[in-house]
Amino acid sequence: MDLKQGDLENIILNALWDLESDGSERIFVGDIQEKIKSPSKKWAYTTVKTVLDRLVDKDIAVREKDGKKYLYRSVVDRDEAGILALKKVVRQYFKNDVNELVSCLNKLDSLDAQALAERKVASGQLEDTRKGLAAR
């Protein structure tokens, strides 16, 4: 199985997984819509339903008629999807060598530490400048 989904599909799929892991057995479009809303963005019901239907078409989720509405559930769990995605990354970028992926991940940790150190230095410089301007 080759999972391919866009950013909004990932947001909705993660919301579906979250609701399932919380024990929800009856998940409707409105439940997903509520789960993904934020103070800055509320997704339209039709948008969420369209994306869920796309996930169904891709065999990542299934739907079941319940009266006039549909219930949704995932076919692939989060761990399985993560493993499939990592296998694809290892195949595409690391010539099927997991050790090369691990080496790259170790570099990522050091890059994160370096970026954090650089931000601290920049923050200190900004604070020094601010104090200098305030003293004038």
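Helix 1 and helix 2 pack with their axes 9 Å apart, at an angle of about 105°. That makes helix 1 roughly perpendicular to helix 2, a label that covers 65 to 115 degrees, whereas angles under 35 degrees count as roughly parallel, over 145 as roughly antiparallel and the rest as oblique. The axes are lines fitted to C-alpha atoms over the stretch in contact, and angles run from 0 to 180 degrees between N-to-C directions. Helices are DSSP runs (H or I, at least four residues), numbered from the N terminus.

Colleagues, this is a predicted model, in which local features need pLDDT of at least 70 and side-chain atom pairs count only at pLDDT 80 or more, while totals for chains, interfaces and linings use all residues. Residues are numbered from 1 along each chain as its sequence is written, and side-chain values use heavy atoms, with hydrogens and water left out.

I turn to helix 3. The axes of helix 2 (residues 29-36) and helix 3 (residues 45-57) come within 9 Å and cross at roughly 110°; the two helices are therefore roughly perpendicular to each other. Helix 2 contributes V29, G30, I32, Q33 and I36 to this contact, and helix 3 contributes Y45, V48, K49 and L52. By class, there are six nonpolar, two polar and one charged.

What of helix 1 and helix 3? Their axes come within 10 Å and cross at roughly 90°. On the helix 1 side the contact involves L8, E9, I12 and L13, and on the helix 3 side T47, V48, V51, L52, R54 and L55. Seven of these residues are nonpolar, one is polar and two are charged.

Next, the side chains. The structure holds eight salt bridges, each a side-chain nitrogen of Lys or Arg within 4 Å of a carboxyl oxygen of Asp or Glu. One of them joins R54 and E9 (3.8 Å, N to O). This pair links distant parts of the chain, with R54 in helix 3 and E9 in helix 1 (residues 7-21), 45 residues apart.

Finally, the charged end of K41 sits over the ring of W43, 4.5 Å from its centre; the criterion is NZ of Lys or CZ of Arg within 6 Å of the ring centre and within 35 degrees of the ring normal.

Notes
Contact = heavy atoms within 4.5 Å. Nonpolar A, V, L, I, M, F, W, Y, C, P; charged D, E, K, R; others polar.
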